[in-house]
Structure formats: C-alpha cells, structure tokens
Amino acid sequence: MSRTLGTRILVGFFFFVAIVLLVWLTTNAKNLSSLLKPETILVVYFPEIGMLRQGDPVRIAGLEIGEIKSLQLNQVDFVETHEHLVNQTGLADDRPFRRLPPSSTDQSIGPPKRTTTPEGLAIEVRRIPVDYKVRAELSLAWETAEKEKWLAHDYVIYAKQATFIGGMYVAIDPAEPSIDSWARKVEEGTEGRNFGRLEVAPLEKVGDWFKESGDKIGNALERIDKGEGTLGLLIRDRSLHDEAKKALQTISEAADRFRPEENSTITKLMKDEGKLFEKLETAIDNIARAAESMKPNETS
C-alpha cells in the first residue's frame, strides 16, 4: 500500500515538473532559440536614451536579433578627432573632411594641428571632448557566418521609438554615405566602443513643427504690429486709411453725378423689362422676311 502511494506521489511530481517545463518553454520559446546560438556582446555609448529600458529589443536591419542586457551611467570620457580640409587661403573649411570615431586613448585637447594626408591634402586636426552619458550592453544571438557578414559593414546605431505612442528599441542599420559621421565599425566584447544616438520621437517632431510654426506666426504678427511690410503699413499708416476713404468718397460722388433722371432714356430702358427688346426682335424678323420676298427669282 505504501509503495503504491509512493509511486503515485512520484508520478504526480514528475507530471507537475513536466507542466511547469511546458509553460516555461511556451513563454520563453524565443529566448530558448537564442540560447542555441553563440552570444555576442556589443557595448554602445549613447548621449541620451529616452525611455529605453533593459530588456528592450535590438534589431539589425529590422530583424530582431537580441536585447539590451544592461544599462548604466558611463564612467569613461571620450574625445572625437575631426579632420578639416584646408582651403587655398590657408583656412580650414567648416565642414569636416573626415570625422574619426571617439577615442579614450588620447585625451589631449590642444590647439588645432596642421598636417598632410598620404594623398597630399592639407588638413587641420582638432580634438573635441564629447559626452556619452549611458553605457548600454547588448546581447546578440547569431551564427558566426552571420556575425562576420554583418560586422564587415559600417553602421549607424540609434535608440528609436517602436510605435507612435511608445516603446523603444535599439536599431543597428547599415550606414548611408550621407551620414559618414556616424558610420562606425562595430567592435565586439565588453571593452568595445560603439557609439549611438537618440532618434527624435514622432510626437516630438510634431511638437517641434507646431512650435516652429507658432514662432513664425508670432514673428509675423510682431512685424505687423511694428508696421513692417505691406500689411503692417496698411494697418499702422493712418494716411493710407484716409486716402482710401477719400477715394471711396470720390467714386461715390461720381456715381451720383452720373445717376440718370426719372424721365431719362436710360431710366426708361432700365424699367422697360424687355418689352423694347421683344419689339426690336419682331421688327428684325419682319425686315428679314421682307428682304427674302424681294429677292429675285433664280428661274426668272
């Protein structure tokens, strides 16, 4: 009897463990598939992250391939190195010829230095301190072949809003030539240095548009109030108002002078209500018929 009870308890225990395991597999199917692939760690530094949270997804070219493993305040300072072309007058162009990745190895912030590239181009090198406030550690799961293929590209890394109303994710997308300044070679490992930025949220873009439009309207109203521009002159210049009033008065007086008298021909024509027109139409028809009857016969 005790053996049968013990067998039932053991079977019940294994049955309970199987149910728990099934529930866990159902809720963690995505994580289970990730466990079957080797983990790659990427460290990305952001100046701002918005509402990004630990556990938010990481997408490469739109494909979800990992998640944010940790977020913490950055304790490392960086310096960006800029190379500017030097024009014929000896001055450095405002637009950078090349913008190199930030580095923590050289912290010297001295005056700009003139040098020459191997191609013979004169450049001015400047080192500028930058502030990346957050260190994000990303956990990616992909095959070795996929990793080698993707890490061969230049990338832009953004913290983006997932939907119009909220939710965030990290996007790692191939860089376009137009944004060379953020094209980085992705570095693996916990000591890697990859740099991202926060993309402006759609609602913030709408808010900025309304603010910009409101500023423009406010500036226009301020100019009008100051009497600037044609509309401002019309509103603020009293002489223009007086001239317009005088012109309307002159037109009104001229119209009164040309008003026909009660017994004038024009007044009678206006009050005729079409009777004279009907008579003229009948007379023209009679003339036409008379002319037709007087036409010589072709056979005569």
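This is a predicted model: local features need pLDDT of at least 70, side-chain atom pairs count only at pLDDT 80 or more; totals for chains, interfaces and linings use all residues.
Residues are numbered from 1 along each chain as its sequence is written, and side-chain values use heavy atoms, with hydrogens and water left out.

The chain contains eight helices and twelve strands; these are DSSP runs numbered from the N terminus, helices being H or I of at least four residues and strands E of at least two. Of the 300 residues, 24% are buried, where buried denotes under 20% relative accessible area, exposed over 50%, and partly exposed in between (1.4 Å probe, protein chains only). The accessible surface amounts to about 22,000 Å², with 59% belonging to carbon and sulfur atoms; areas were computed by the Shrake-Rupley method with a 1.4 Å probe, and for residues only the protein chains shown count as cover. Among contacts (heavy atoms within 4.5 Å) with a separation of 6 or more, 65% join residues 24 or more positions apart.

Four strands form an open sheet in the order 5-4-7-6, with antiparallel pairing; two strands are taken to pair if DSSP finds at least two bridges between them. Strand 5 (92-99) and strand 6 (113-116) are the edge strands, each pairing on one side only. From one strand to the next, the twist averages 45 degrees, with axes fitted as lines to C-alpha atoms (for helices over the stretch in contact) and angles running from 0 to 180 degrees between N-to-C directions. Strand 4 (residues 78-86) is joined to strand 5 by four antiparallel bridges, and Glu83 stands opposite Arg98 of strand 5.

Strand 9 (residues 154-161) is mostly covered, six of its eight residues being buried. Its pairing with strand 10 (residues 168-174) is antiparallel and spans seven bridges, with Tyr155 opposite Pro174. The pairing of strand 9 with strand 12 is parallel and spans three bridges.

The largest nonpolar core comprises 21 residues, of which Phe46, Leu138, Leu140, Val170 and Ile172 touch the most other members. Such a core is a set of buried Ala, Val, Leu, Ile, Met, Phe, Trp, Tyr and Cys residues joined through side-chain atoms within 4.5 Å. At least two residues of this core come from each of strand 1 (39-46), strand 2 (57-60), strand 3 (63-73), strand 8 (134-141), strand 9 and strand 10; strand 8 gives the most, with four residues. Another core, of five residues, lies apart from it and includes Val43, Phe78, Tyr132 and Phe195. Beyond residues up to four places away in sequence, Ile172 touches residues including Leu42, Val58, Leu138 and Val156.

Tyr158, in strand 9, counts as buried because its relative accessibility is 13%. Tyr158 and Ile172 are 14 residues apart in sequence, and their C-alpha atoms are 6.7 Å apart. The bridge partner of Tyr158 in strand 12 is Arg197, and the side chains of these two residues are also joined by a polar contact of 2.7 Å. A polar contact is a pair of N or O atoms within 3.5 Å; within protein, one must be able to donate a hydrogen and the other to accept it, and residues adjacent in sequence count only if both atoms are side-chain atoms.

Asn194 is likewise found in strand 12 (residues 194-198) and counts as buried because its relative accessibility is 1%. A polar atom of the Asn194 side chain lies 3.0 Å from the backbone oxygen of Val43.
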